[in-house]
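Please read them with the coordinates open.

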Amino acid sequence: MQSIIQNKTQGKIALVLTFSGGGTRAAALAYGVLEELNDTKVRLQDRLIPLLDEVDIISSVSGGSFIAAYYGLKGKRTFEDFETVMLKQDIESQLISGVLNPFRWFMDTGRTEMAVQLYNQSIFKDATFADLNKPGRPLILISATDLSNGVRFSFTQDYFDLICSDINSFSIAKAVTASSAVPVVFNPIVLKNYYPCNSKIKKKLSGLEQIAKNNYELMQTINGLKNYTDSYYPYLQLVDGGISDNLGLRAIYEAIELAGGASAFMKQVGKHNVKHIAVISVDASTKTTKAIRLTNKSPSIKQSVDAMTDIQIHRYNISTTQLFEESLTKWSNELSTTQEKVHSHFIQLNFKQLPSQEEQAEFNLIPTSLTLTEPEISKLIRAGRSLLKNNLQFQLLLQDLDSDQDVTIKSKVTRPGNL
């Protein structure tokens, strides 16, 4: 992408946030983290600024995409109205009442299109991706999963180039709906593939193949993306992004690796003299209760699906975090020089870090739903703030930043030009 963030104040930290799936539970937890970052002040030259101002990228999937997209659009105004506009709305009842409305029985509007309309009217107010390109805002990476080939699809111009489309006029509400469209419950969001066009996308994919040739993870991604240049691929069927990347970390991993490594990526996004790379992963996944082991009766369909999803998500999350942690160390070593070392900080936040088993059990009972009670929402917001504030890795990051003699750099930051 060639969109530019004008005059973004740049310290010596590259700060990335990733928001997981988990419905309103994920959105509320991530909202609490944003609040804490806004209240955490760091010294930039001779003044104190919120650490939130240093965020460069937010990668999100599923429920986390609601708050990521809203913050990308509204910035600090998010703290004035997001709780009212989204978190405390009874979204599920509104969707259900729409389905049961007799006037809709003879319409072609399905559940997914009704969700798009509801999110558009009540949350995103007809905003498009052109509205995300505002001065001083971070890059927002919203991801979905293409059901037909299992590849992660991010809503950036790079991915839209693959299907010969312009993302600027694309609806934010539609992207968030795709990112959170749980299969069976919602129909996929369908995108038309207009390939071929006059783009040089095949040449670009060939170049990415050379970068990824010794990396099985990346080659799987490239092979999936190459399908879009096939004349027999006229439509994309996009569903929940959590299927292919429940933590939002793989989108960052692929962006950096396919840029040719950390140095090339930092050059593309205009980050200079970086001394710290910090990634805050907000994981709102829960462990389902194991009531099925207490009876000899066959579990219900819902219990079976929940158990299978729980196993899949947690095992995939473990492999993702291991891959990312190793990569983060590699990237910091690559950026380091003999004169100055670049420090990496991987800050993982999840319910297992709550101080007592009682609290952990309490939060594990909060459902993956688009409607929660106000007490549940308040608890999640407080938990997001507390988990970040009390995290040892976060405290060490603040100590390191406090000891640095930072320099303010005013620059134009170009968004990544890779997939």
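The points below go from the whole chain to single elements.

1. Basis. This is a predicted model, in which local features need pLDDT of at least 70 and side-chain atom pairs count only at pLDDT 80 or more, while totals for chains, interfaces and linings use all residues. Residues are numbered from 1 along each chain as its sequence is written, and side-chain values use heavy atoms, with hydrogens and water left out.

2. Whole chain. The chain has 16 helices and 12 strands; helices (H or I, at least four residues) and strands (E, at least two) are DSSP runs, numbered from the N terminus. Of its 419 residues, 54% are buried, where buried means under 20% relative accessible area, exposed over 50%, and partly exposed in between (1.4 Å probe, protein chains only). The accessible surface is about 19300 Å², with 52% of that belonging to carbon and sulfur atoms; areas come from the Shrake-Rupley method with a 1.4 Å probe, and for residues only the protein chains shown count as cover. Among contacts (heavy atoms within 4.5 Å) with a separation of 6 or more, 81% join residues 24 or more positions apart.

3. Nonpolar core. The largest nonpolar core holds 125 residues, and Tyr119, Phe124 and Phe155 touch the most other members. Such a core is a set of buried Ala, Val, Leu, Ile, Met, Phe, Trp, Tyr and Cys residues joined through side-chain atoms within 4.5 Å. Helix H1 (residues 23-39) gives the most to this core, 9 residues. Leaving aside residues up to four places away in sequence, the residues that Phe155 touches include Phe129, Ile142, Phe170 and Leu238.

4. Disulfide. There is 1 disulfide in the structure, defined as a pair of cysteine sulfur atoms within 2.5 Å. The sulfur atoms of Cys164 and Cys197 are 2.1 Å apart. The torsion about the S-S bond is about -75°, so the disulfide is left-handed. Cys197 is partly exposed, at a relative accessible area of 32%.

5. Helix H2 (residues 64-74). This helix is mostly covered, with 10 of its 11 residues buried; among them are Phe66, Ile67, Tyr70 and Leu73. Gly75 follows H2 with a positive phi, near 65°.

6. Helix H12 (residues 262-269). Which residues of H12 are buried? They are Ala262, Phe265, Met266 and Val269. Just after H12, Gly270 has a positive phi of about 80°.
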